[in-house]
Amino acid sequence: MSTVAEQRASVVNRVPVTRTRDVVPWPRRYANRLFFSDAIVVGATLAAFALIFLTDPADGLAWRGGLEVPYWVALIVVWLLWLVMLDVVDSRDEHHVSQGVMEYQRIVRASLGMFAGIIVVCFFLRIDFSRALLLIAMPTATVLLVFSRWLWRQWLRARQREGSYVHHVVVLGDAAKVAHIVRTIRSTSGTGYAIVGAVTKTGSPRKGESDIPIKGRYEDTERVIDELGADTLIFAGSDDFEPKALQRLGRSMADNDINWIVAPALTDVAGPRIHAQPVAGLPLIHVSFPELEGARGVLKRIFDIVTSMALIIVFLPVMVGVAVAVRTDSKGPILYRQERVGRRGETFGMIKFRSMVAGADDQLSSLLDLQGKSARPLFKVTNDPRITKVGRVIRRHSLDELPQLFNVLWGQMSLVGPRPQREGEVALYDDVAQRRLFVKPGMSGLWQVSGRSSLEWDDALRLDLYYIENWSFTQDILILFRTVKAVLKPGAAAH
């Protein structure tokens, strides 16, 4: 049975086999929309700042030398320079505007650059610039910029689900590598790539791979691209392609304005860890290792403490209401405590609101054996009869997890990370799965916001390892944001 992600992604890939390439590529049109959106967001924020905090925007702004410049002129300069900074850091780069967290990171980087630049200029020229601009207007504009880009990304995803605003791709290479690229892209939603054809050495699919749309041999590559109206060629790798032949093909793609992508044999490595460096004319790729300790770890811990304390205060009335409902609904304790395995294999007592009948753990083994699920590290009972009426509601909206904010505050868990599992599940780990224990377990994680209960163990493990090996503070913020969305609108995948 296909997953929810596969069902969504399949819509993107149901595109016409033959099409005409756009005169203006969609990434360029999309980037133009972002430019005007950025200009409106920054301009509107600065205008609101002037109306709220300035007595008269026409008042002069004095600086060294006795010259005065009207405040509104200074704000226009800040507005223009901000837009320039967003371009300088490539925040609207066509290769990053719709993928990953790099787009948001570059917006923050541009805004911090503007902040630092204004401070330096004001210091050396002795300009008495409004502190409200630095402390209120600029952070507000940065948040609004990130939010507007997120909204644009949702708009783009909706268009891509309809089959528009996507790259139409032909994949070239060894049959096994082509099959891996095709299946990975097709099973992942929001890539922006629709596979319309593939080219291999033999020009025919291997046994059991009839789903791979092979359209010709290596020598047919240019004809296939032209016939299918593809705008992108992905080279998946092949031992039969000599460097000179690859160079000739690359030049041909450039002459015909076809996107030329070389897919290395690396998987699940995020953009910030990849650094291309030309050495003796060779485009070598350097892959940096994730930093899980040091200053970044301290920053994550500080964020966990501050945020968990704030959330405990905010959700205290909700927790009181849930506690009353659990007590009224069925016999047993309000809180449920279970030993889970945390970082480096250390166990701790994870707490949550009880959502099952008292003594539910005693029934787990028999239910798993009955459904044939006791041999996998992700214990999930389908249509679990142990769940109470109130438990079904609070689990659907993850309200039973709220007490884990105290686990976060005590340092046993993090707000974001792989979900902690029971000792019985950890005992089934292989060497690869053991890497889940490199970081603190989290209340939410990448696989929770990517499919929740609909994902199988292999997919959940892949997403957990991707999170660990590509950790960033920005990614944590985005996962928390997606967690809020998943809790408010749980969908059919929530149990």
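**Figure 1. Surroundings of Gly192 in the predicted model.** Leaving aside residues up to four places away in sequence, Gly192 touches Trp26, Gln99, Gln160, Val166 and His167, where contact means heavy atoms within 4.5 Å. This is a predicted model with residues numbered from 1 along each chain as its sequence is written. Local features need pLDDT of at least 70, side-chain atom pairs count only at pLDDT 80 or more, totals for chains, interfaces and linings use all residues, and side-chain values use heavy atoms, with hydrogens and water left out. Gly192 sits in the loop between helix H6 (175–186) and strand S4 (193–199); helices (H or I, at least four residues) and strands (E, at least two) are DSSP runs, numbered from the N terminus. With 2% relative accessibility, Gly192 counts as buried; buried means under 20% relative accessible area, exposed over 50% and partly exposed in between (1.4 Å probe, protein chains only). Pro27 is 165 residues from Gly192 in sequence, while their C-alpha atoms are 10.0 Å apart in space.

**Figure 2. The loop residue Thr200.** Thr200 lies in the loop between S4 and S5. The relative accessible area of Thr200 is 2%, so this residue is buried. Not counting residues up to four places away in sequence, Thr200 touches Gly173, Ala175, Val178, Ile214, Gly216, Arg217 and Tyr218.

**Figure 3. The open sheet of 5 strands.** The strand order is S5-S4-S3-S6-S7, with parallel pairing; two strands pair if DSSP finds at least two bridges between them. Strand S5 (214–216) and strand S7 (259–262) are the edge strands, each pairing on one side only. From one strand to the next, the twist averages 30 degrees. Strand S6 (residues 232–237) runs parallel to S7 and is joined to S7 by 4 bridges. Ile234 has Ile261 in S7 as its bridge partner. Strands of a sheet pair through backbone hydrogen bonds, either parallel or antiparallel.

**Figure 4. The hairpin of S10 and S11.** Strand S10 (residues 335–341) and S11 run antiparallel and are joined by 7 bridges. Val341 has Thr347 as its bridge partner in S11. The hairpin has 5 residues between the strands, and Arg344 takes a positive phi near 55 degrees there. Strand S11 (residues 347–353) is largely enclosed by the rest of the structure, because 6 of its 7 residues are buried.

**Figure 5. Helix H9 against helix H15.** The axes of H9 and helix H15 (residues 473–488) come within 11 Å and cross at roughly 30 degrees. Axes are lines fitted to C-alpha atoms, for helices over the stretch in contact, and angles run from 0 to 180 degrees between N-to-C directions. The two helices, H9 and H15, are therefore roughly parallel to each other (angles under 35 degrees count as roughly parallel, over 145 as roughly antiparallel, 65 to 115 as roughly perpendicular and the rest as oblique). Leu299, Lys300 and Phe303 in H9 meet Phe473, Asp476, Ile477 and Leu480 in H15.

**Figure 6. Val324 in helix H9.** Val324 belongs to helix H9 (residues 294–329). This valine, Val324, counts as partly exposed because its relative accessibility is 48%. Val324 and Ile334 are 10 residues apart in sequence, and 8.2 Å separates them in space, C-alpha to C-alpha.

**Figure 7. The side-chain pair Glu103 and Arg153.** Glu103 is part of helix H4 (residues 102–125). Its relative accessible area is 1%, so Glu103 is buried. The side chains of Glu103 and Arg153 are joined by a polar contact of 2.7 Å. A polar contact is a pair of N or O atoms within 3.5 Å; within protein, one must be able to donate a hydrogen and the other to accept it, and residues adjacent in sequence count only if both atoms are side-chain atoms.

Figure 8. Most residues other than glycine have a negative phi. Tyr165 has a positive phi near 55 degrees and lies in the loop between helix H5 (131–161) and strand S3 (167–173). Tyr165 counts as buried, at 13% relative accessibility. Ser398, also not a glycine, has a positive phi of about 60 degrees. The place of Ser398 is the loop between helix H11 (389–396) and helix H12 (404–409).
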